[in-house]
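Please walk me through this protein structure, as someone who has not seen it before. I would like an explanation in connected paragraphs that gives the cut-offs behind each term.

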Amino acid sequence: LLATFNNMSLHKDKFEYISYQHNRKNTLTELPFICEQFQYHVSDSTVLRPCTQLRDLGVTMAANLSWTPYILEITSKARQKVAWVLSVFRSRSPEIILTVYKSMVRSLLEYCCPLWCPTKISDIQE
């Protein structure tokens, strides 16, 4: 193993993987135990199981290829930031509010946006 060769210790309980399938309905009817066919091992004793959501580099990905959980998460954080900004900054000067908005809220909303670009109307309206 590469980690052992480089004298690195890995936290085996933090390993996760997510399984994406093109057409999940057809696959599950043909192979009802697809998750049991593929087993990934971190060590001799630790077997990885697939998860339904995975967070990588701050972006939450879902096994059903939906970005809705991530969009709900970042819009909630953005609303909290806006509420904080409006409660802390007494000045309502457009220059100050716009600068704070662009630096604290807009940067949060635009992080990795080419990856999770919303296509569902409900996600866009969120």
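In strand E4 (residues 59-62), Val59 and Met61 point one way while Thr60 and Ala62 point the other way, and all of them are buried, where buried means under 20% relative accessible area, exposed means over 50%, and partly exposed lies in between, with a 1.4 Å probe and protein chains only. Strands such as this one (E, at least two residues) and helices (H or I, at least four) are DSSP runs numbered from the N terminus. This is a predicted model, in which local features need pLDDT of at least 70 and side-chain atom pairs count only at pLDDT 80 or more, whereas totals for chains, interfaces and linings use all residues. Residues are numbered from 1 along each chain as its sequence is written, and side-chain values use heavy atoms, with hydrogens and water left out.

The partner of E4 is strand E3 (residues 53-56), and the two run in the antiparallel sense over four bridges; strands are taken to pair if DSSP finds at least two bridges between them. Within this pairing, Gln53 stands opposite Ala62 of E4. E3 and E4 form a hairpin with two residues between them, and in the turn Leu57 has a positive phi of about 55°.

Side chains of opposite charge can pair when their charged atoms come close. A salt bridge is counted here when a side-chain nitrogen of Lys or Arg lies within 4 Å of a carboxyl oxygen of Asp or Glu, and the structure holds three of them. One joins the side chains of Arg55 and Glu73, at 2.7 Å from N to O. This pair links distant parts of the chain, since Arg55 belongs to strand E3 and Glu73 to helix H4 (residues 68-88), 18 residues apart. Arg55 counts as partly exposed because its relative accessibility is 43%, and Glu73 is partly exposed too, with a relative accessible area of 24%.

Glu73 forms a salt bridge with Lys77 as well, the closest N and O atoms being 3.6 Å apart. Both of these residues lie in helix H4, four residues apart, which is about one turn of the helix, and Lys77 has 35% relative accessibility, so that residue counts as partly exposed.

Arg106 counts as partly exposed at 36% relative accessibility, and Glu110 is partly exposed at 41%.

For aromatic side chains, rings of Phe, Tyr and Trp (its six-membered ring) pair if their centres lie within 6.5 Å, with planes under 30 degrees apart counted as stacked, over 60 as edge-to-face and the rest as tilted. By this rule there is one aromatic pair. The ring centres of Trp84 and Phe89 are 6.4 Å apart and their planes stand at 90°, so the pair is edge-to-face. Trp84 counts as partly exposed at 41% relative accessibility, as does Phe89 at 28%.

Turning to the whole chain, there are seven helices and four strands, which run α-α-α-β-β-β-β-α-α-α-α from the N terminus on. Buried residues make up 24% of the 126 residues.
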